[in-house]
Amino acid sequence: METNQERPKNYLVESILVTIFCCLPLGIVGIINASKVNSEFEQGNFEEANKASASAKKWAKYGLIAGIIGIVGYLIFMFAIGGMAMLSGSSGY
């Protein structure tokens, strides 16, 4: 069966990287959606393949944003703790 449809990007690599480095739960949702893209396309469900691709992209992006927010929040917290430790005066010799 000849089709003029172009295979949508599955965002599997991006979803795996988000899972490893940023946000595990959101990355897993991205991986699940990314794995649907190729199978739906092969079955001829082009609309479903495009929906799965868009969903995988969305969840990879959300996972990346959550990871960045988490890292920035952690750094702010650590600098605040360090600043309080310096202000409390550790000169108890």
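Biologist: Before that, what am I looking at, and what are the ground rules?

Modeller: This is a predicted model, where local features need pLDDT of at least 70 and side-chain atom pairs count only at pLDDT 80 or more, while totals for chains, interfaces and linings use all residues. Residues are numbered from 1 along each chain as its sequence is written, and side-chain values use heavy atoms, with hydrogens and water left out.

Biologist: What counts as a helix here?

Modeller: A helix is a DSSP run of H or I with at least four residues, numbered from the N terminus.

Biologist: OK, start with α1 and α3. At what angle do they pack?

Modeller: Helix α1 (residues 12-21) packs on helix α3 (residues 46-87) at about 25°, and the axes are 9 Å apart. That makes α1 roughly parallel to α3. Angles under 35 degrees count as roughly parallel, over 145 as roughly antiparallel, 65 to 115 as roughly perpendicular and the rest as oblique. The axes are lines fitted to C-alpha atoms, for helices over the stretch in contact, and angles run from 0 to 180 degrees between N-to-C directions.

Biologist: Which residues of α1 and α3 meet?

Modeller: From α1 there are E14, S15 and V18, and from α3 there are A56, A60, G63 and L64. The residues of this contact (heavy atoms within 4.5 Å) comprise four nonpolar, two polar and one charged. Ala, Val, Leu, Ile, Met, Phe, Trp, Tyr, Cys and Pro count as nonpolar, Asp, Glu, Lys and Arg as charged, and the others, Gly among them, as polar.

Biologist: And α1 with α2, how do the axes run?

Modeller: The axes of α1 and α2 come within 7 Å and cross at roughly 160°. That makes α1 roughly antiparallel to α2. On the α1 side the contact has L12, S15, I16, V18 and T19, which meet L24, G27, I28, G30, I31 and A34 of α2. By class, the contact of α1 with α2 has seven nonpolar, four polar and no charged residues.

Biologist: That leaves α2 and α3. What is the geometry there?

Modeller: The axes of α2 and α3 cross at roughly 160° and come within 8 Å. The two helices are therefore roughly antiparallel to each other. Among the residues making this contact are L26, V29 and F41 of α2, and F46, W59 and Y62 of α3. The contact of α2 with α3 has twelve nonpolar, five polar and three charged residues.

Biologist: Back to α1. Which of its residues are buried?

Modeller: The buried residues in α1 are S15, V18 and T19. Buried means under 20% relative accessible area, exposed over 50%, and partly exposed in between, with a 1.4 Å probe and protein chains only. Seen down the axis of α1, its buried residues fall within an arc of 100° (taken from the directions from the helix axis to the C-beta atoms), so they line one face of the helix. These buried residues pack against α2 (24-42) and α3.

Biologist: What sits on the face of α1 turned away from that?

Modeller: The exposed residues V13, I20 and F21 are on that face.

Biologist: Tell me about V18. What does it touch beyond its sequence neighbours?

Modeller: Leaving aside neighbours within four places in sequence, V18 is in contact with C23, G27, A60, G63 and L64. V18 counts as buried because its relative accessibility is 6%.

Biologist: And I16, also in α1?

Modeller: I16 lies in helix α1 and is partly exposed, with a relative accessible area of 36%. I16 and G27 are eleven residues apart in sequence, with 6.5 Å between their C-alpha atoms.

Biologist: What about G73, where is it?

Modeller: G73 is in helix α3. At 35% relative accessibility, G73 counts as partly exposed. From C-alpha to C-alpha, G73 and C23 are 14 Å apart in space, and 50 residues apart in sequence.

Biologist: Last one. What is the phi of Y11?

Modeller: Phi of Y11 is near 60°, a positive value in a residue other than glycine. Most residues other than glycine have a negative phi. Y11 lies in the segment before α1, and at 17% relative accessibility Y11 counts as buried.
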